[in-house]
Number of protein chains: 2
Amino acid sequence: MVSKIAEKSKVTRVISFAAGDPDPDVIPRALYANLAKRVFEEERKSVTYSPTEGIPELREEITRFMGMYEGVEASPSDIIVTVGGSQALDLIGKLMMDPGDIVIVENPSYVNTLLVWKPYGVRLIGIPMDENGMDTHLLESKLRELKADGKFPKLIYTIPTGQNPTGITMSLDRRKHLYEIASQYDLLIVEDGAYNQLVYEQVEVKSIKSMDVEGRVIFVGSFSKVLGTGLRVGWLHLPRELVDVFKATKGPADMCAPVPSQLIVYRILREGLFKEIKENAIKAYKEKRDLMLDAIDKYLHVIKHTHPVAGMFIFLWLPEHIDGWRLAEEVLEKKAVATIPGAPFYTDQTGRNTLRLNFSMAPRDLIDRGVRDLSEFIK
Amino acid sequence: MVSKIAEKSKVTRVISFAAGDPDPDVIPRALYANLAKRVFEEERKSVTYSPTEGIPELREEITRFMGMYEGVEASPSDIIVTVGGSQALDLIGKLMMDPGDIVIVENPSYVNTLLVWKPYGVRLIGIPMDENGMDTHLLESKLRELKADGKFPKLIYTIPTGQNPTGITMSLDRRKHLYEIASQYDLLIVEDGAYNQLVYEQVEVKSIKSMDVEGRVIFVGSFSKVLGTGLRVGWLHLPRELVDVFKATKGPADMCAPVPSQLIVYRILREGLFKEIKENAIKAYKEKRDLMLDAIDKYLHVIKHTHPVAGMFIFLWLPEHIDGWRLAEEVLEKKAVATIPGAPFYTDQTGRNTLRLNFSMAPRDLIDRGVRDLSEFIK
C-alpha cells in the first residue's frame, strides 16, 4: 500500500507529499549530465565491476566526508559503498539477525527497515519518542527488564536526525545518553544518517558515530537525500572487525554498487561540489517546510504535529476517529494528494490516526493547496 | 580469495583472465557518455526512486527483448528490473529458500550463486556436466533417489548457455529433457541467461523459458555481459503468481535499481542500438576466444579443456598433481597473470586441479603471452 501510494503519486498532477525523495528540480541535473558524460568518456572502469566495497577513490572521499560532515575519523578500509542506505540496512539484517533476536527501534521507525528485518525472524521492540527523540529513560527501563529476563537485544537502531517518519531530531543529551546505555549493556548501535545533511536550524547535534570510542556504532550513510535517490549510492562505516564479513556477504549478493553512479558521486565530492548542492537543498527544503507548517496551522485540525528542524517529513496525529489508511486513500482518489499513513511505521499496531507528509518533493506553489485539500477530510 | 584475485587483476599490467567482465574497450563508452548526458538533461526522474520493479518503459523494452532475443512471449507485468542478475539470484534465495531445502545445480556452477544461497541453509546437490551441459539422465536418477527418500528439491538452477565457469552450452535436447523432468517432478527451474547473448557459432539453442508452458521457469536476465557490468541492470522474468511476493521482498531491500543506468539501458533498447553493440561484442570475443584456444593448444599440457561456443570462459582440467589455488596464486605473483581456481565452483570439494580462464577482458595482443606465462607453471 505504501509503495502503491508512492508510485501513484508520481503520476502527473498528483501533489505528492508521499515519497521520501528530494525535489528533482533542486538537484543540479545539468551538472550531473556533464559529469556523467566525462565519467563514461574518461573512465574505462565505468563499465566494469568495481570491488564489492566500492571504488577506492570514492571510499577515500567518503572518509574525508565522514571527517568533515560527521566529525568522525574514519579510514577508507572501514567504508563499504552500498546500493543506497537500503542495501546497507538489508546487509545488517542478513548478516547479523537470527530468528528470535530482539532489535530495538524508535516507535515509530522507518517502515522499510522494519520490513527488511522482519523476515529474519527478529522481534522488534519500539521505544516511544518525544520531541527530543527516542526516550532513552524508557530505553533504559526496557533494557533492565529484558536483562532481568536474561535477554539482550542484538542492536539498537536509530535515525537520530530528521527521523523518518516523524522528522524529529534527537537532542545531543539524548545521543550521549543513548551511547552510554549501549556501552553499559554492551550493545551495537545502528545509526541511520540518511537525513544528517538536511538540517535547517542551528541545532547542536553531532553523529553518534562521532562519540564512538568503543567501536559499537555502525553508521549507515546515504547520498540519496541530497544528491538524489536514483543514483543508489550509500555506504556503511563499520567497526573494523565487521568489515570482512560484510564484504564477504555483500560480494555475491550484488557484486558492487552501480559504477557510473559511484564515479559521479566521487567527482562531486572530489571537486568540492557537495557543499553547494547541500546548501541549495537546505535553502529549498527549509522554505518548503515553512510553507507546509504554515498551511498545517492554517487549515488542519490535528491533535499535534512535529516541527522538524531536519529531514523531509512532518508527522501528524489526527483526531482519534480518523484512520490514516482510509484518509490517505480518499485524499489520493478524490483530491490527487498523496500522503503516507503512519501506522505501518509503528511496531505495535498503534498509530492508526497518524499521517506522514513529505515536504521536499512537491512544487512550492502546490504545498498550500495540497494541505488545504487534505483538510477537507480531517473534520 | 576469488574476489581478491579479481581485484588484483585490475591493477595495471596484470593480464587478467580472471573477472567475468566484458572488454571496456569493446563497449561503446562514447555512446553511453552521450546517452547519460541526455538522460540527466531530459529526465527529471533520473534522480528519484523508480518503482521497485523498474521504470515502466524499460520493462516494456525488456518484454520486447524477451520476445526478440529469447523467443519468450512476456508481459511487462512479469518483469522486475534488478541490480544486475546478482540481485535477482539473491532475491530468489531470500524469498524461496529455507534451511534444509535441496537445490540442484550444475557441478561446477557459478560460485557467487552458491555463496549467496548457502547462508539460507540449503543443501546444494551438483549434477555432473559433459560437453552437452548438465547430464539430465544423472539428474533423473538423482531425483528418483530423492523421491524414494521422500525428498523434493526446491528448484533446479542452470546456466544453459556459455555456462560459468565451464563455458559449456547445453544442447537443445538436454534443455527439452530438463524441462520434461522438471514438469514430471513438478519443480521450478531457475534459468540464468547471463551469457545467452554471447553465442559465437551457429548452434541450435533456445532459452528454457521459451519452452515454459506451465509457468515453472524463473528467467534471470542480465545486460552486464554485453552492455557492461558496471551499470548493474538485470531482470527477473517471473511466473505471474510470484511477481507480487518478489516485489514486496525487493522493495525495502534496495528501493530500486539505479535509475540513470535503467534509463541508459532503456534508450539503448528503444533506439535499436543493442543489436550492433551485441554484434561487435560477439565479433571481438569470438576472436579472443580463438586466440586463447590456439594458445592453449600451443602451450598448455592439460588433461582437457572446454571449447566454448558461447560466454566468456574456458575451463581447464590440469594434470592431477596441480592445485588450481596454488597455481592461480603463483602465476599472479610471479607472472602477473590473473586466473580463477575452479574448485570453489564445485559443490563437492572436487575440482582441485581445475582453472577458469576468461577470454573477453584481456587485450587481444596479451592473450598469447598470458597463456604462455601460465604454461610455465603447468608441467
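1. Into which domains is chain A divided? Chain A splits into domain 1 (2-28 + 275-375) and domain 2 (45-271), with bounds that come from an automatic or database domain assignment. The C-alpha centres of domain 1 and domain 2 of chain A are 24 Å apart.

2. On the basis of the coordinates: this is a predicted model, in which local features need pLDDT of at least 70 and side-chain atom pairs count only at pLDDT 80 or more, while totals for chains, interfaces and linings use all residues. Residues are numbered from 1 along each chain as its sequence is written, and chains are lettered from A and ligands numbered from 1 in the order in which they are written.

3. Between the domains of chain A, 29 residues of domain 1 are in contact with 30 residues of domain 2 (contact: C-beta atoms, placed from the backbone, within 7 Å). On the domain 1 side, helix H11 (274-299) and strand E11 (313-317) of chain A each supply at least two residues; H11(A) gives the largest share, 7 residues. Helices (H or I, at least four residues) and strands (E, at least two) are DSSP runs numbered from the N terminus.

4. By class, that side of domain 1 of chain A has 17 nonpolar, 6 polar and 6 charged residues. Nonpolar covers Ala, Val, Leu, Ile, Met, Phe, Trp, Tyr, Cys and Pro; charged covers Asp, Glu, Lys and Arg; the others, Gly among them, are polar.

5. Between the chains, 44 residues of chain A are in contact with 44 residues of chain B. Helices of chain A that each supply at least two residues to this side include H1 (2-8), H2 (29-42) and H10 (259-270). H2(A) provides the largest share, 8 residues. The chain A side divides into 21 nonpolar, 13 polar and 10 charged residues.

Notes. Contact = placed C-beta atoms within 7 Å.
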